[in-house]
Amino acid sequence: GRRLGEREALVINDPDFQHEDLNFLSRSQRYEQAIRKSSLMVMKLREHGIADPDEIYWFKSFVHRGRPEPLDLHLGMFLPTLLTQATPEQQDRFFMPAWNLEIIGTYAQTEMGHGTHLRGLETTATYDPATQEFILNSPTVTSIKWWPGGLGKTSNHAIVLAQLYTQGQCKGLHAFIVPIRQLGTHEPLPGITVGDIGPKFGYDEMDNGYLKMDNFRIPRENMLMKYAQVEPDGTYVKPLNDKLTYGTMVFIRSIIVGDSARSLSRACTIAIRYSAVRHQSELKAGEPEPQILDYQTQQYKLFPLLATAYAFHFVGAYIKDTYRRISGDIIEGDLSELPELHALTAGLKAFTSWTANAGIEECRMACGGHGYSRCSGLPDIYVTFTPSCTYEGENTVMMLQTARFLVKSYTQVSSGQRVTGMVSYLNDLSRQRIQPQHVAARPVTVRINDPISLVEAYKARAARLVEAAAKNLQAELNHRKSKEDAWNRTSVDLVRASEAHCHYVIVKLFTAKLSEISNAAVRAVMTELCLLYALYGISKNTGDFLQAGILTDTQVNQVNQHVKELLAIIRPNAVALVDSFDFHDVHLGSVLGRYDGNVYENMFEWAKKSPLNKTEVHESFHKHLKPMQAKL
Amino acid sequence: VTAPASKVSLGYDSVLSGVNPDLASERLTASFSVEKLTARLDGGAEHTRMRRAIVEAIESDPAFSRENQYFQSQNERYEAAVRRAVHLQKKMREMGWTENGPEIKYIYRWLSGDIAFLLHRVFMRSISVLGSDKQVAKWIPLATEHQIIGSYAQTELGHGTYLQGLETTAVFDIATQEFLLNTPKISAMKWWPGDMGRSATHTVVFAQLYVHGKCYGVHPFIVQIRSLQDHSPRPGVTVGDIGPKMNFEHTDNGYLMLQNVRVPRENMLSRFCEVQPDGTYVRWGSQKINYFTMTTVRISILSDEVILPLMKACTIAIRYSAVRRQSKLKPGEQEAKILDYQTQQQKLLPQLAAAYAFHFINIYLHELFDRGYQEIQGRNFDSLPELHAFSSGFKAMVTQYCTSGVEICLRACGGHGYSLLSGLPSLYTRVLASCIYEGENTVLFLQTARFLIKCFMAASAGQPIPPSVTYLSSAKPGKCPAKDKLDFLSPDVYLKFFQFSRLLSSSAAKLQHLIQSGAEKHEAWNQCTVQLVKAAQAHCHYITVKIFVETVEKLDNKAGIQKVMKHLCDLFALHGIFSNAGDFLYDGYLSGAQMDLVTASYLDLLAVIRMDAVPLVDAFDFTDKSLNSALGSYDGQVYQRLYEWAQKSPTNQQVSPAYGKYLKPLLQNRLSKL
């Protein structure tokens, strides 16, 4: 919208936010630039009176051009956690100072030895009724907090997750507000060891940190006590409902699905624009070199990813809307829809981040050698995005969470109950029970030009793989005693079932979106992309469709053929389709992906600014080369 | 039951004591002799001894330490690489090592490319291969003594793999007996050559040769680009560094623009052709041997630049997975090693099997090329097309597979894999460059496909075809006879899977169909390329499985080595079938029920190989210093090492100016306003 454009211009043209190309700066310099911009950003947010979370998000993403920054955890985790988990008294004490950045906080959950498996965290908070304090300890090397953003150098407080011990009993994980640095001097407090965890694959501007606590005492009132409480005498009061935390997780995972769509869209924009500018080799002897976008192999690399980016965009919007729709219910205490949404978002987070991660690399490879240069922007998109396969829940573990829900639903159906929502296709199983065949063996007449029919094909595939995994699990249980062991021995099948389920959901959502598009030309091109997405997915997984008898050999041939036809159909619209993502050049950060396509001149201009080019003759010549030549 | 060492209490003494019991226990159950397997991989125990002695000599010299590399800037990395290259010259003289000696491959393998002057070596090789005897006599001694430093300038901003498209020009000027070199437009600028951005004084420039207005195609010229006195660029030369990349920070990949730069007639490398003083262009001898040399480069990079990184990544990820404990497999028990999770095994063990498969295919390719070299020396060029197809296809397949394998290892290490201190990000960003250099992979696969199509057509017409592709003419297989999941552990059964030529035959049929229905040849080819790439991949996959099977058959069955290698070979094959199920179900060669048996057999193998996983990576015999990883060290003291190493990060050593300059005013400004 227009308002967005003004805001964007406000930031992009603001001299305060200008700096040297980040690719040429060291890690310390990048951290410093990020901190500088964040500090200014906070001042300017206040000046412009911007307080709406969505508007803050957009402003921030313009200032930092979609990159991480050291205050991310303060704004994204510390403040929201105070709002949702602090008592009114605690909010009085902490919220306004944190809002005014007197307190800069982070969220310290992950430890060196434990990430996704939260119950395994080892940090302890032991209540001492004599002084009415909690004593925080990092009892082992593995218990050192490791990775929290903004912890290394920036924060003076942290919300620390620790195992609560009171009256000699462990009460599980709870959150505590822990001051870690002296206000004024920023020196670590006695009993606190804190620092930066060193260089990473990306996130150069982020001071991911470590935190070790030795008998560090905080007052009883620093435990976040809106739900669970510890009374002055040490009595523990249980929280009413622990499903509430699902809400936050759903929200964060929906953001990652959106990130998958955005990051893949950026990569596609760069690769497709560059492929229209790059000419190479000859298709026909004697003719000028064609644009590489005219090669079938190049189209086959890029267009399915373009379709995927659109698909993920719709999925991200769907989860966000669903979450908004039911978050009212959640506040009202109606949590009935939450388990399914929670299970679904776990799988979709994994599915979309894995696919986008591979897709970004595919885009980079499709740009040949120049994709490897940091001027392409693609290495940066990749290293910034790829950790999302791990954070907020390691992807394989996420897939298994979805699988748990699928198996549970399957079991319900087997025992005669009906299930609702995205898994309702499992209900068809009960009708199948009278027949000795696989559920999916019932003939699906697939029309490969019809997205709705393809949704049915994906549905049949998901049903077959869920059923196969559930049956294999049952067979393992029949042979072995331990549930966990049986689960482990079926986990490869279970992950496949989850993937098939997520794939079905995405094809379904994309297809459903088509009827909502009113402009006929837009609908036509979106239908082509939707078909490409669905058919390409089949051609990459023909084994599943053939084995289940959903498609015949002949149909598989037709699918492969139709994919290639769609490539040629989409080709004339390819650049327009990435232009529609509407990334500003500054935001794209890529010489190859420039809107004006003036690639080579600008690569040269960019390279001239490289640190190695600061002097015409590098100092290494005088220090090493010349003495060597003299000696030899 | 011993306590897991990962939970060592923090007595905060920094001495790492002993091997983590979680890793030690893995080594007790090895089903084979690690030392014997290492010797087998090295090609004999005497090679292992020599390698270890060289590694020891290098690692004991602090000048070669790479401990700080993850903390260094591009400028620092470049300087360190130059310093190391200069030091290496000294070291080689001290140790009596020579460029042509047996030690050199172990030296460069240990350095794993983190050194300057690698393109200087290519510069020398290109003069030796393409230069006349007179040119070799003039330039090689100068380069050997480092009186000049060379580079190799082929790739341009606008052109890479497609060499005919290069735009730099070299025009012969009879009057002065010189070539006039020019960069006529921006896309013609040389771009990417290593050692050229800052170090090189000379380079071999590839340019379109023009004599009397006629273009004779791309030829190599020796061009001096910097002064030998003060290292400043020569007149007409614009040269510099192309800026930061995804890796290779230590290498000064450069750009080069030439404006009316003149070089004497004698600077055109002229083993195969020459421009005579009167401008007559003469070509002699066969360029095929030169062509052969270029072809072998693709094979020569595989071992150190591609397969070695996968072996290192497997070592790091598998050792870490034996130390990392997460969640519980059984209630009440201690947390399980992540290596015990089926999903983790499915990520890592196929990569381990691939590392071994590629080690063996690499040996096979080298033998093949050595034989080819003999034949070509004897003026027999018959095997050249086949060797070319081999080098293109295998370069593409091995680089692609190893790149994805290293990334799988990286992501299998959870959050810690993303720390540079794990060593995995650098391995990944290095190996992935190999998918582009020495020929872009898609282009290479299509070259192999062109060869296969030709052979297929020849076979259909009853003409003789090279031995590696005779399977193309064998009869179409009927149905797979296997009935039990154990049947799929028989190489006779699974080799048949990979022999199928359907992808190729249907591509050929489609090509013909398109041409017969009036499509132009080039358009028909472009229409079939997606499938042709697949066909070329399938061919290389088949040869790899076949060579793995043959290697296992020839192995000594003592010391348990043959048995464990057979498991890996089976896993490599079944993983290939499992991952490409559609190709085998199509046509009904394999039934759905049989595919379930393949899957069952494949998953069973994971559990079997899991028992030997750590010994199998130990056998690669990497020292901790060459791995340079906090997660992958031999002793498995992962967490302590990570913690201590992180503290050495410059971000913890230096006072960040950010606090005083920005954070403090921010904090205090607010304080005063409260």
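## Contact between the two chains

Two residues are in contact when heavy atoms of each lie within 4.5 Å. By this criterion, in the predicted model described here, 128 residues of chain A are in contact with 140 residues of chain B. The size of an interface is often given as the accessible area lost when the parts come together. For chain A and chain B this area is about 11,300 Å², and carbon and sulfur atoms give 60% of that area. Of the area that chain A buries against chain B, 7% comes from A:Phe201, A:Tyr372 and A:Leu612, more than from any other three residues.

Charged side chains also meet across this boundary. There are 6 salt bridges across the interface of chain A and chain B. One of them links A:Glu32 with B:Lys661, and the closest N and O atoms of this pair are 2.6 Å apart.

Chain A contains an open sheet of 3 strands in the order E4-E8-E7, with antiparallel pairing. Strand E4 (145–146) and strand E7 (192–196) of chain A stand at the edges; each has a single partner strand, so one side of each is left without a neighbour in the sheet. Between E7(A) and strand E8 (residues 209–213) of chain A there are 5 bridges, and these two strands run antiparallel. Within this pairing, A:Ile192 stands opposite A:Met213 in E8(A).

The other chain contributes a helix to this sheet. Helix H21 (residues 638–647) of chain B packs on the sheet and touches E4, E7 and E8 of chain A. The direction of this helix makes about 115° with that of E8(A).

E7(B) pairs with strand E8 (residues 254–258) of chain B in the antiparallel sense over 5 bridges. B:Gly240 stands opposite B:Tyr255 in E8(B).

## Salt bridges within the chains

Over all chains, the structure holds 66 salt bridges. One salt bridge joins A:Arg27 and A:Asp196, with the closest N and O atoms 2.8 Å apart. A:Arg27 lies in helix H2 (residues 27–47) of chain A and A:Asp196 in strand E7 of chain A, so the pair ties together parts that are 169 residues apart in sequence. Both A:Arg27 and A:Asp196 are buried.

In chain B, the side chains of B:Glu67 and B:Lys648 meet in a salt bridge of 2.9 Å, N to O. B:Glu67 lies in the loop between H3 and H4 of chain B, and B:Lys648 in the loop between H21 and helix H22 (650–653) of chain B, so the pair ties together parts that are 581 residues apart in sequence. B:Glu67 is partly exposed at 33% relative accessibility, and B:Lys648 is partly exposed at 44%. Returning to chain A, salt bridges that share partners join A:Arg30, A:Arg67, A:Asp204, A:Glu205 and A:Asp380 into one network.

Helix H3 (residues 45–59) of chain B has 15 residues; at 1.5 Å a residue it should span 21 Å, which agrees with its end C-alpha atoms being 21 Å apart. Its buried residues include B:Arg51, B:Ile54 and B:Ile58. The buried residues of H3(B) pack against helices H2 (34–42), H4 (74–95), H5 (104–111) and H20 (624–627) of chain B.

Helix H7 (residues 133–144) of chain B contains B:Gln135. This residue, B:Gln135, is buried, with a relative accessible area of 5%. Leaving aside residues up to four places away in sequence, B:Gln135 touches several others, among them B:Ile127, B:Glu266 and B:Met268.

Definitions and conventions. Residues are numbered from 1 along each chain as its sequence is written. Chains are lettered from A and ligands numbered from 1 in the order in which they are written. This is a predicted model: local features need pLDDT of at least 70, side-chain atom pairs count only at pLDDT 80 or more; totals for chains, interfaces and linings use all residues. Side-chain values use heavy atoms; hydrogens and water are left out. Helices (H or I, at least four residues) and strands (E, at least two) are DSSP runs, numbered from the N terminus. The expected span of a helix is 1.5 Å times one less than its number of residues. Buried means under 20% relative accessible area, exposed over 50%, partly exposed in between (1.4 Å probe, protein chains only). Two strands pair if DSSP finds at least two bridges between them. Buried area is the accessible area (1.4 Å probe) that two parts lose on being put together, summed over both. A salt bridge is a side-chain nitrogen of Lys or Arg within 4 Å of a carboxyl oxygen of Asp or Glu. Axes are lines fitted to C-alpha atoms, for helices over the stretch in contact, and angles run from 0 to 180 degrees between N-to-C directions.
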